[in-house]
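Subject: Handover of a structure

Dear colleague,

Please find below the structure that I am handing over to you. A summary of what was found in it comes after.

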Amino acid sequence: MTRMTDRFVTVEAPAKVNLTLLVTGKRPDGYHLLDSLVAFAGIGDTVTVQPAESLTLVVDGPTAASLPEGENIVVKAARLLAEAAGVPLAAAIRLTKRLPVAAGIGGGSADAAATLTALSKLWGLDLPPERLRTLALSIGADVPVCLAGRPTRMEGVGEVLTPAPTLPPAWLVLVNPLVPLSTPSVFKARTAPFSSPDPLTESPADAHALAQALAARRNDLTAPAVALLPLVGEMLAAIAAQPDCLLARMSGSGATCFGLFADEAAARAAAAGLSAHQPGWWVAPAPLLG
Ligand SMILES: C[C@@](CO)(OP(=O)(O)O)[C@H](O)COP(=O)(O)OP(=O)(O)OC[C@H]1O[C@@H](n2ccc(N)nc2=O)[C@H](O)[C@@H]1O
Ligand SMILES: Nc1ncnc2c1ncn2[C@@H]1O[C@H](COP(=O)(O)OP(=O)(O)O)[C@@H](O)[C@H]1O
């Protein structure tokens with residue numbers, strides 16, 4: 001969602017959720033080929049930009065303190081966009097972080113995509129969509145799908161995007177143990193044979209049908225993630241044990257896992273149950289964005 005006033009452009013950066021993630025091969029450079037159904041949840045970070053003489057970034061929000069030192073991906077996105085468009089690198093950016101960092105829900109990628117959208121508006125740019133997608137890919141593999149911002153089949157390492165069938169109304173509960181899990185280590189730890197591509201081809205009629213369709217596919221990174229961080233297995237069991245949970249699964253390379261629920265009441269009850277069980281976990285109920 002984008003809002004614009006005279007001086008501000010605000011763009012939401014929703015959490016990316018890999019509803020399925022099949023590892024289908026490996027490129028000569030070591031990157032793995034994926035076939036993933038990517039959707040978005042109604043919770044995320046927020047990027048606001050306004051005119052300024054130079055580039056500044058202020059970061060606030062509940063998870064801001066867990067960002068590491070070094071260049072924020074939002075600044076990288078701004079710099080690359082200004083270079084590509086041949087405009088001065090000038091804007092005041094505010095990033096409000098709510099998503100855990102390095103958590104498999106693409107917080108950084110969503111922030112980068114939201115920055116590209118917000119600054120394109122602020123600077124009055126009209127880059128062709130293909131140019132913007134290429135720029136997004138040069139920032140990170142998940143940035144193009146976050147730029148798309150709707151349910152998408154993602155192949156290659158993130159560069160091949162096809163709109164996914166419409167998803168039915170459903171709710172997610174995202175759960176993160178607030179322990180980071182390194183993406184390269186998870187890919188390195190996988191030992192299973194490659195999977196065959198297996199996209200979702202039809203729109204599931206309701207949340208139950210969606211759960212069934214997802215259950216027939218997997219997240220191939222779950223086993224290596226559990227081997228590296230057994231807590232992921234405990235989270236999946238705790239989520240699956242919640243009343244009315246239709247499916248429990250890990251997103252991306254973890255450690256965030258999600259439960260799928262038919263409606264808001266079931267999701268909120270499960271979130272309350274999980275928070276009571278483990279007060280130290282980050283637990284967020286949110287609608288699945290169709
Ligand atoms: C696994 C996914 C699925 O959406 O999401 P996250 O768990 O990061 O959210 C992405 O493919 C994450 O892609 P990307 O954002 O590029 O991951 P990075 O952290 O930059 O990748 C770090 C390292 O992981 C390995 N890697 C990453 C992606 C990929 N398709 N194959 C790989 O082998 C490579 O060793 C790479 O150098
Ligand atoms: N704005 C940002 N939000 C999150 N991470 C960022 C940001 N800027 C830079 N990073 C770096 O990007 C890495 C990946 O973060 P993130 O996108 O949250 O994880 P994931 O790719 O597992 O979903 C982090 O470890 C952090 O070092």
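This is a predicted model: local features need pLDDT of at least 70, side-chain atom pairs count only at pLDDT 80 or more; totals for chains, interfaces and linings use all residues.

Residues are numbered from 1 along each chain as its sequence is written, and chains are lettered from A and ligands numbered from 1 in the order in which they are written.

Annotated regions

UniProt positions are given in the numbering used here, feature names are shortened, and annotations may be inferred rather than shown by experiment. Helices (H or I, at least four residues) and strands (E, at least two) are DSSP runs, numbered from the N terminus. Over residues 72-149 the chain is 59% helix and 8% strand, with end C-alpha atoms 21 Å apart. Over residues 211-277 the figures are 54% helix and 13% strand, and the end C-alpha atoms are 24 Å apart.

Ligand 1

A residue is near a molecule if its C-beta atom, placed from the backbone, lies within 6 Å of it. There are 18 residues around ligand 1, of which His 32, Ala 141, Thr 183, Gly 252 and Ser 253 come nearest. The elements that give two or more residues to this shell are strand S3 (32-50) and helix H5 (183-189). By class, the shell around ligand 1 holds six nonpolar, eleven polar and one charged residues. Here Ala, Val, Leu, Ile, Met, Phe, Trp, Tyr, Cys and Pro count as nonpolar, Asp, Glu, Lys and Arg as charged, and the others, Gly among them, as polar. Because domain 1 (2-163) and domain 2 (171-289) both give residues to the shell, ligand 1 lies between them. These domain bounds come from an automatic or database domain assignment.

Ligand 2 and helix H2

Ligand 2 also has 18 residues around it, and Ile 73, Ala 102, Gly 107, Gly 108 and Asp 111 come nearest. Helix H1 (73-85) and H2 each supply at least two residues of this shell, and H2 gives the most, with four residues. The shell around ligand 2 divides into nine nonpolar, eight polar and one charged residues.

Of the 16 residues of H2, 14 are buried. A residue is buried if 20 or more other C-beta atoms lie within 10 Å of its own, exposed if 12 or fewer, and partly exposed in between, with C-beta atoms placed from the backbone. The expected span of a helix is 1.5 Å times one less than its number of residues. For H2 this gives 22 Å, and its end C-alpha atoms are 22 Å apart, which agrees.

The annotated binding site

UniProt places a "binding site" (unreviewed entry) at a set of residues that includes Ala 102, Ile 105 and Gly 107. Ala 102 lies in the loop between strand S5 (91-96) and helix H2 (107-122), and Ile 105 is found in the loop between S5 and H2. Ala 102 is partly exposed, with 19 other C-beta atoms within 10 Å, whereas Ile 105 is buried, with 30. Not counting residues up to four places away in sequence, Ile 105 touches Ala 15, Lys 16, Val 17, Leu 99, Leu 174, Ser 251, Gly 252 and Thr 256. Two residues are in contact if their C-beta atoms, placed from the backbone, lie within 7 Å.

Backbone details

Most residues other than glycine have a negative phi, and most peptide bonds are trans. Ala 102, not a glycine, has a positive phi of about 55°. Leu 178 has a positive phi near 60° and lies in the loop between strand S8 (171-176) and H5. A cis peptide bond, with omega about 5°, joins Gly 254 and Ala 255. Ala 255 is found in the loop between strand S9 (247-250) and strand S10 (257-261).

With kind regards
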